Amino acid sequence: MLDLGVVSDGALLTHRGAIVALGSTDEVGRHTLAADAEEIDCRGKVVLPGFVDSHTHPVFTTPRLIDFEKRIAGASYEQIAAAGGGIRSSIRGVREASVGQLAGHVLRALQEMARQGTTTVEAKSGYGLSLESELKSLQAIKIASQGWEGTVVSTLLGAHVVPPEYRDRPEAYVALICEQMIPAAAGQKLASYVDVFCERGAFTPEQSAKILRAAVEHGLKTRVHVCQLTEAELAPLLEFHPASFDHMDYVSEADLPMLAQSPTVATLLPAANYFLGLDRFPDARQLIDAGAAVALATDYNPGTSPTPSMPLVLSVACTHMKMSPAEAITAATINGACALQLQHRKGSLEPGKDADIAIFDVQDYRELAYWFGVNRCERVYLRGTARA
Ligand code: NIG
Ligand code: FE
């Protein structure tokens, strides 16, 4: 993670959305260029692979300002959720919105992300929590992604929490996810992944396993929100070969060797800890030092992390989790690509990969994690196309 492969006085050549050559300006300059080739002067700047934001929840309609004020007054995330706030308070807006309205919200978020250097985004449903509204949310992601030049990976998160109408019969809601939502999302090709919030107050490990099994049976890949508030056993979840375990604030030390040997990425979301005002952050050092693959993502959502900014996440990772700037950049690019199983196309600047490029007005890559509250991203290319 420490070796970024920095090329000083570097250049890269792209053609039709892909990287063709990369090296020193002299080396790349020897290629024959098309007559209409455009040259972009990046002297004195840092050129990075676009960030891969591998965990976001962009399908919601309104900010959760009541939760925000309650937390300021001293209530915890779990107390607010138990009192009917939290995820459940975002349901109504999504159920009442049209697919076009939701797509508008998602597109705006994607555009804001790209402005800060993000070129690939994983986007989850999870605030509809009925068959119709979860499919509508996935449709909205699809429509928004068609209006954006970047790359979107979509995830069904019907298992975010049990919606109020199923409060007394959670097993019936699990059955609805397994027997209707997953088959419909797979059949209509609306999602690549299924995610579950495996946590106290959301879904038990047994319910989570049922849902992940149904996902695999329908040809969908898996990822899991786990260990955000409490420790959970990872071995039973690893059976479903999740691409990623997300949050990972409370990981049992005994699980570290197993995690290090598995291809499952630990995706840390420290902007959520920051926004919830927590003292504790995921133990990135312990995970990295144990040999686990660590990614960073925004967790963009209305309850715990209303930020589209990967540079902010880098800042928090370095200041509160003691990741080095190089580790944080690796976690936000190639390791994020691994968390989406897109490492062959995304996450690094290499010939053959997509021309997803972010240019920052800084002299040194470490400045990406150093400045905060300011956007130093100057230009972004999404598969070769300049951000509008
Ligand atoms: O990743 N933990 C579950 N889901 C989100 C929070 C969603 C919300 O509060 O709206 C998260 O932090
Ligand atoms: Fe999340």
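**Ligand 1 and its surroundings**

A polar side-chain atom of Asp299 comes within 2.9 Å of an oxygen atom of ligand 1, a polar contact being a pair of N or O atoms within 3.5 Å. For Tyr77 the corresponding distance to an oxygen atom of ligand 1 is 2.5 Å, and for His57 it is 3.4 Å. On its own, ligand 1 exposes 330 Å², and the protein buries 100% of that area (Shrake-Rupley method, 1.4 Å probe). The model is predicted, and local features need pLDDT of at least 70, with side-chain atom pairs counted only at pLDDT 80 or more. Side-chain values use heavy atoms, without hydrogens or water.

The shell around ligand 1 holds 15 residues, with Arg64, Tyr77, Tyr127, Gln228 and Thr304 the closest (a heavy atom within 4 Å). By class, four are nonpolar, nine polar and two charged; Tyr counts as nonpolar and Arg as charged, while Gly is among the polar ones.

Turning to the whole chain, the protein has 16 helices and 14 strands (DSSP runs of at least four residues for helices and at least two for strands). Its radius of gyration is 20 Å, close to the 21 Å from the globule rule for 388 residues, so the chain is as compact as a globular protein of that length (C-alpha atoms; 2.2 Å times the number of residues to the power 0.38).

Definitions and conventions:
Residues numbered from 1 in each chain as written. Chains lettered and ligands numbered in written order. Polar contact = N/O pair within 3.5 Å; in protein donor to acceptor, adjacent residues only side chain to side chain.
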